[in-house]
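Here is a briefing on one protein model. Keep the sequence and the 3D view open as you read.

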Amino acid sequence: MIGSAWLLIGLFISWQAFDNAEGDMEAEEENQDLPKKGKAQGRKRASAPDGVVKPVKLSRADLYKPPTNEELNQLKETENLFHSSLLRLQIEELLKEVTLKEKKKQKIDAFLHEINALLSAVPETPETDLADQSWLPKDVKVPFLQVPFSVKGKFRFLPPAAVTVVGSYLLGTCIKPEINVDVALTMPRAILQDKDNLNQRYHRKRALYLAHIAQHLSKEKLFGSVRFTYMNSNHLKPILLLQPQGKDEKLVTVRLYACPAPGFFKPSRLYPSKNNVRTAWFLEQGAAEPPTPHYNNSILCDTGLESNLLFLAGASAGFPGMRDGVALLKVWLHQRELDKGLGCLNGFVASMLVAYLVAKHKISQGMSGYQVLRSILQFLATTDLSAAGISLSKDADSSLPTLADFHQAFEVVLVDPSGLVNLCADMTASKYKQVQFEAKRSMEVLDDSTVDGFQLLLMTPKPLIRTFDHVFHLKHVSKLQGACKKMQLLNELMDRGGNYVAAALPFVTSLLARGLAERVLLLTHSLPQAPQWPISAEPPKHKDAGHLSFGLLLTPAFAASILERGPEADRPEAAEFRKFWGEKSELRRFQDGAICEAVVWGAETMCQKRLIPEQIVQHLLWLHAAIPESSIRYTGAVLESVIRAGREPAGTGEEAMVSIVRSYDDLSRKLWNLEGLPLTVTAVQGTHPALRYTDVFPPTPMKPDYSYHVRIKDKESLLPLPEKPCPAYIAPMKVVCHMEGSGQWPQDKEAIKRVKAAFHLCLAELLSQQHQLLCRPAATHADVYKDGYIFRLQVAYHREPHILKEVVTPEGMLKYRDTEESQLQQQHPAFSGTSRLAKRWVRAQLLSDSLSDECVDLLAASLFLHPAPFTPPSSPQVGFLRFLHLLMAFDWKNSPLIVNLNADLKVADYTEIRNAFVAARPHLPVMFIATPRDKRSSVWTKERPSAQILQRLLVLALESLRALEEQLADPLGSQDGKMVFRPPLDFYDILIHLNAKQIPRHLEGVDRPAKSFSRGMLKSDALVTTLIFPVVGYDPVQCYLQELREAFGDLALFFYDSHGGEVIGVLWKPSSFEPQPFKASNMKGRMMASLSREELVTVPNVEAILEDFEILGEGLVRSVEARTEKWTI
């Protein structure tokens, strides 16, 4: 350990030296974005020029010098805390990346000094009524929604009594990409009057104060932009944003806050239980005076800006670990979209939480940033501030409001050191539950040594649409105005200054949480975000907050349940249940004899059951909040139409696969119990994707329509009529029969083939005799027609691979993998849909032959077995989004994808796989997938994809994911999920257009054809007995492709969508267009050309090849379109 640790220190020191050498360059071009995943660039060693750090030649004494105390401490900490020395280096690198460099700080300080000078020079104004704003020039609008407009009080402008920098900039916890510096402007006492705490008077004075400053600063050359926004999207609190001029515009945003003179407001008037917005003024009619806790809190916030800064400065003094810990926590919050908007957990609240843990001695001064991050995540995971809030106040003053008073008024409680302000006043309970949930998941990831915790927690973004199983959008937030009326939230509306979004949101989320109950693990909402606006524009209205999104994390066991059982009819709770569910509630008698209230949701197929949460959401929002169905855009199953075959609105194939498995189980039993076989069957193994629930379009039971076929008497089989459309494709489902071992098996491979052929004949004969099944034996298999399906039996002998001296083939691996994937489907019902959507997408990109079925199944399985930082998908759609993200974001070049089926791999196996991978990387497939039974060779990706195809897949995945997520996150845009399943064709040199009549799977196309052909098949329930075997596995397009590849595989690549694609894409191989020396044996598809008089060479004869494409596909090919002129030689 010590040896490797010394190596690490050496690496670390050289890294430091390397960084210092590059420091100046970094200062020039500093990264503006949050860190993105990057690949290490290789460097060529050159002789070191002067001025570059050269390796120092250490003396023997220096080389073996014992480590210092500090080095020993660092080693011990790395061993105990970080799973690997790499994690420590990654975190130090990240902190370097996001913290401000000294050079930038100097520029920012200079900018702040200039602002300070300008603020003292803003001219005073004479005193006027608060409602008389004629003194403001027309080109500046007051950044406040003044409803109702008339209000008592006087206003005049005087320059600020003090200008102080507050917030993260002074503490050093400010992080890139957005550098904000908060500056508090203290309004002189002379501006404020006695009753300014009432009826928004103070808030309006703040707004006028900032408007006057904005008008003067906007004339200065120093500023590139002067704009308004709301502080944390709270409409009562406008702030002024200043950015420097020229190339430094993105350097910093200075935010000006106006605040009252210290000690002006009496705290006791602003306790959570007090009223400061009079009903007679707000509603223009007298009534009771309810408390206005949010309003009071918004005034008190402004009184504690400096005291909170001093509190944080005290906690972080001489404690660099706290500074680093807060910076890491901010990155963590940013990746989870929790740090911006109304009711967010912003950097200030995060710093206060860390300071609280310091005060409680849960964090000690010696801790590193990583330890601080772990401690705070542990605290968040185990502390529910919505049930038991905390206070940072040490003051035992009995007159201060208690935590119970705060809980009465707010959903989440975190009281500041003064004991007066709730720092989480705007946060809803459901948002805090999300923070808690994320913290719990993050702790699990940090404790798991098999994953890269740094990458998952701090570098992986978690947008709502990829994190939650179902997402729905409220298209127009203005509908919440009606909801406030329906839910009688007038008092809340008054408290929030008329902001109906903020007033209704907590009630809407608790309503849905009650209705969805145990169907959801977590319900959350996006945070309403206020835009910035120019000072000449009117402030944005509440409805300008855009749309609101809600995310549901489903519980697979209960989400699809069609019954909601309520209390017994004679219990007092029954009336409450009826009131909650409205007319949906009805009396039902249950099997245990109880008569209960119940709600039954209409859903027959699996895909309808998955959308029961949608029915619940729509019903409850209309019943209790008057929000109509048309205002809700529910995105839970937008993509499922692409795996729905046929015209009628049937399900998405789950039921079809269950019936196939039932038929297969019955066939297995019959095979086990066959009498008269020379050797018994020891195992029956289905290897077709439909038997592991991952076939995109599972076979449907069919009977042949004799009028479409001609009979061949002696063979008892059918032949399709050439003038009729190609018959529907019947997929043979492969079933392997393992026979018992015996000394009678021959040792010669040809003899084994013959014995197996005899077994196929025997099986067919016995099945038709004993079970009256229609069978057709062949040398390599025996086809069995049962329940309208075709099962293809193949006999296997367990010693065969050894006799044939073969390596274990993929087929040999199937036996284990299938059972493991079927189990996965039982644990995670969404596995089937995810894998099928993934296959459909890969094939739709014309890459049907570039990824094996098994490879896609394993990629999908990894999303369920190793979902971090997410939870396992519970809907096919979110599973598919993560599949695209995995393809695009995984580092295929430098890492193996480990799929731990059945949890058979232990920590040591992970290390072994990774080490073996690194050692043998140049000889391994470009996409390496390791499983418990295949740790070294990646059987499923050995042959394909090639490096170029993988690169193409990554580009397509990146574009598809971006387009899909944009589309799903925009409730007003088009919801055409098929867009990413339509392949870009401009990439190909030649397109071969096919005749739809001869495409047997035409109906499986992404865009259903307007007219289709009758394919010579009857439904399985047709009253016809099938006495003759149907045409099995006949797909003319695949036969044509095989011929093309055999004839022209050395010149071109051929791409096709096996699910009813109408076009074959052809790409010339660049190497094939290089002139080659003339050889009589090498003239296929080539013609003579002369480079010079002496030398004769051959080049591809493109015109003749295109003609051959048409001749080979006569009747199937409609036209051949040459798209590019790339074959100029």
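Angles under 35 degrees count as roughly parallel, over 145 as roughly antiparallel, 65 to 115 as roughly perpendicular, and the rest as oblique. This is a predicted model, in which local features need pLDDT of at least 70, side-chain atom pairs count only at pLDDT 80 or more, and totals for chains, interfaces and linings use all residues. Residues are numbered from 1 along each chain as its sequence is written, and side-chain values use heavy atoms, with hydrogens and water left out.

**Confidence**

- pLDDT is the predictor's confidence in each residue, from 0 to 100.
- The protein has a mean pLDDT of 85, and 90% of its residues reach 70 or more.
- Residues 1–53 have pLDDT below 50, and this stretch has 53 contacts in the model beyond near neighbours in sequence. Contact means heavy atoms within 4.5 Å.
- Residues 805–817 also stay under 50 in pLDDT, with 23 contacts beyond four places in sequence.
- Where pLDDT is low, the predicted coordinates should not be read in detail.

- Helices (H or I, at least four residues) and strands (E, at least two) are DSSP runs, numbered from the N terminus.
- Axes are lines fitted to C-alpha atoms, for helices over the stretch in contact; angles run from 0 to 180 degrees between N-to-C directions.
- Helix α28 spans residues 830–844 and helix α30 spans residues 876–889; their axes come within 8 Å and cross at roughly 50°.
- α28 and α30 are therefore oblique to each other.
- Their crossing is right-handed. A crossing is left-handed if the near helix is turned anticlockwise from the far one by less than a right angle, and right-handed if clockwise.
- On the α28 side, the contact residues are Ala-830, Gly-833, Thr-834, Leu-837, Ala-838, Trp-841 and Val-842. They meet Pro-876, Gln-877, Gly-879, Phe-880, Phe-883, Leu-884 and Leu-887 in α30.
- By class, this contact of α28 with α30 has ten nonpolar, four polar and no charged residues. Ala, Val, Leu, Ile, Met, Phe, Trp, Tyr, Cys and Pro count as nonpolar, Asp, Glu, Lys and Arg as charged, and the others, Gly among them, as polar.

**Helix pair α11 and α12**

- Helix α11 (residues 320–335) packs against helix α12 (residues 347–359) at an angle of about 135°, and their axes are 10 Å apart.
- α11 and α12 are therefore oblique to each other.
- The crossing of α11 and α12 is right-handed.
- Met-322, Val-326, Leu-329, Lys-330 and Leu-333 are the α11 residues that meet α12. Their counterparts in α12 are Gly-347, Ala-350, Ser-351, Val-354, Ala-355 and Val-358.
- The class count for α11 with α12 is eight nonpolar, two polar and one charged.

**Six-stranded sheet**

- Strands of a sheet pair through backbone hydrogen bonds, either parallel or antiparallel.
- Six strands form an open, mixed sheet in the order β3-β4-β7-β6-β5-β12. Two strands pair if DSSP finds at least two bridges between them.
- β3 (162–166) and β12 (533–534) are the edge strands, each pairing on one side only.
- β5 (residues 223–230) and β6 (residues 238–244) pair in the antiparallel sense over seven bridges.
- Ser-225 stands opposite Gln-243 in β6.
- Asn-232 lies in the loop between β5 and β6. Its phi is near 50°, a positive value in a residue other than glycine.

**Three-stranded sheet**

- β14, β16 and β15, in that order, form an open antiparallel sheet.
- β14 (563–568) and β15 (585–589) stand at the edges with a single partner strand each, so one side of each has no neighbour in the sheet.
- From one strand to the next, the twist averages 40°.
- Helix α21 (residues 573–581) packs on the sheet and touches β14, β15 and β16; its direction makes about 145° with that of β14.
- Four bridges join β14 to β16, and Arg-565 has Ala-598 in β16 as its bridge partner.
- β15 pairs with β16 (residues 595–600) over five bridges. Arg-589 stands opposite Ile-595, and Arg-588 stands opposite Cys-596.
- β15 and β16 form a hairpin with five residues between them, and Gly-593 in the turn has a positive phi of about 90°.

**Cis peptide bonds**

- The bond from Val-147 to Pro-148 is cis, with omega near -10°. Pro-148 sits in the loop between β1 (128–129) and β2 (154–155).
- The bond from Arg-944 to Pro-945 is cis, with omega near 0°. Pro-945 sits in the loop between β27 (929–930) and α32 (947–969).
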